[in-house]
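Subject: Handover of a structure, with notes

Dear colleague,

I am handing over the structure shown just below, and my notes on what was found in it follow. Please read them with the structure open beside you.

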Amino acid sequence: MAVPSSSSSSSKDELIQLIKRLGTFLALRMSNLFSISFQKLDPRSVGAIAGLAVAIVFTYRLMRSPAAPPRRQPKRQTPSTSSSSISTQSNATLTPSGVCLPSEDLRAQNVVDEFFQPVKPTLGQIVRQKLSEGRKVTCRLLGVILEESSPEELQKEATVKSAVLDVLLEITKFCDLYLMERVIDDESEKNVLMALENAGIFTSGGLVKDKVLFCSTENGRTSFVRQLEPDWHIDTNPEILSQLARFIKYQLHVSPVRSERTAANVFSSPSLEHFFGCA
């Protein structure tokens, strides 16, 4: 115990001597600077210089002193039990507050995964992508938009497919859409227009009745398509698609039976809604 006391007193003596030497040095420098002899300095000036020296020394010591290392928290030992559930519970309870629990890590990882999860595209985005940003589309009604598959059925009634309605409305939002069909009489035309109107295509979508075209032959539909020069034509007749393949950029063959592609620009799908991933 004597050794620390002697070392402490020697440190104080060294500090006092250092202060005296520093005070004398500063006094001499200041007296030389202002042509004032050291003997003529009054005690008040000497005390001020000594106080300044003390402040400088303590500031220097404080800046040089290393930061105290952080105290380590003593490890707590969990009581050993035969039950694994009790051991798990005690470990979770005795875990320091600064350490994340496994359950917290799992929740944090779930949040990160949800944040970086790819956003599911909307139906409108899918339609634009599938149509390759095409701006004009022509489409047959029978077997694509309507439940009926023959002109004879249209004489009695016409029914719009409920599954295709959302896709059709999205197409009308950014495409110039023309619907066309071969009919037998004027009554069939009325039935078709009434079915489209009841489905809300003329009100919710951008389609007008003037863009629903009727003809009496299959060749008439081919003529419609060639005159309109669309980016896409959608049909159920493979012969018409084959004839138009060299004139139309893209075509979609709607058929429940999968068929071979007649051309590189002719795609196939069981239905229009299935082509856009809505089935």
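In helix H9, the buried residues are Gly-220, Arg-221, Thr-222, Val-225 and Leu-228, where buried means under 20% relative accessible area, exposed means over 50%, and partly exposed lies in between, with a 1.4 Å probe and protein chains only. Helices (H or I, at least four residues) and strands (E, at least two) are DSSP runs numbered from the N terminus. The cover over the buried residues of H9 includes S1, S2, S3, S4 and helix H10 (238-244). Just after H9, Glu-229 takes a positive phi of about 50°.

Before going further, please note that this is a predicted model, in which local features need pLDDT of at least 70 and side-chain atom pairs count only at pLDDT 80 or more, whereas totals for chains, interfaces and linings use all residues. Residues are numbered from 1 along each chain as its sequence is written, and side-chain values use heavy atoms, with hydrogens and water left out.

As to the chain as a whole, its secondary structure comes to 11 helices and six strands, and 32% of its 279 residues count as buried. The accessible surface of the chain is about 19000 Å², of which 55% belongs to carbon and sulfur atoms; these areas come from the Shrake-Rupley method with a 1.4 Å probe, and for residues only the protein chains shown count as cover. Among contacts (heavy atoms within 4.5 Å) between residues at least 6 apart in sequence, 54% join residues at least 24 apart.

Arg-140 counts as buried at 8% relative accessibility, and Glu-181 is buried with a relative accessible area of 0%. Arg-140 also meets the side chain of Glu-218 in a salt bridge of 3.9 Å, N to O, and here Glu-218 belongs to helix H9 (residues 218-228) while Arg-140 is in strand S1, 78 residues apart. Glu-218 in turn forms a salt bridge with Arg-182, the closest N and O atoms being 3.2 Å apart, a pair that links H9 with strand S2 across 36 residues. Arg-182 is partly exposed, with a relative accessible area of 24%. Leaving aside its neighbours within four places in sequence, Ile-171 is in contact with Val-127, Leu-131, Val-137, Leu-177 and Phe-276.

Turning to the rings, the structure holds five aromatic pairs, where rings of Phe, Tyr and Trp (its six-membered ring) pair if their centres lie within 6.5 Å, and planes under 30 degrees apart count as stacked, over 60 as edge-to-face and the rest as tilted. Tyr-250 and Phe-267 form a tilted pair, at 6.4 Å centre to centre and with 40° between the planes. Tyr-250 lies in strand S5 and Phe-267 in strand S6 (residues 266-269), so the pair ties together parts that are 17 residues apart in sequence. Tyr-250 is partly exposed at 23% relative accessible area, and Phe-267 is likewise partly exposed, at 28%. Ring pairs link Trp-232, Tyr-250, Phe-267, Phe-275 and Phe-276 into a cluster.

Finally, a charge sits over a ring if NZ of Lys or CZ of Arg is within 6 Å of the ring centre and within 35 degrees of the ring normal. The charged end of Arg-128 is placed in this way over the ring of Phe-174, 4.7 Å from its centre, and Arg-226 lies over the face of Phe-247, at 3.8 Å from the ring centre.

Terms used:
Salt bridge = Lys/Arg side-chain N within 4 Å of Asp/Glu carboxyl O.
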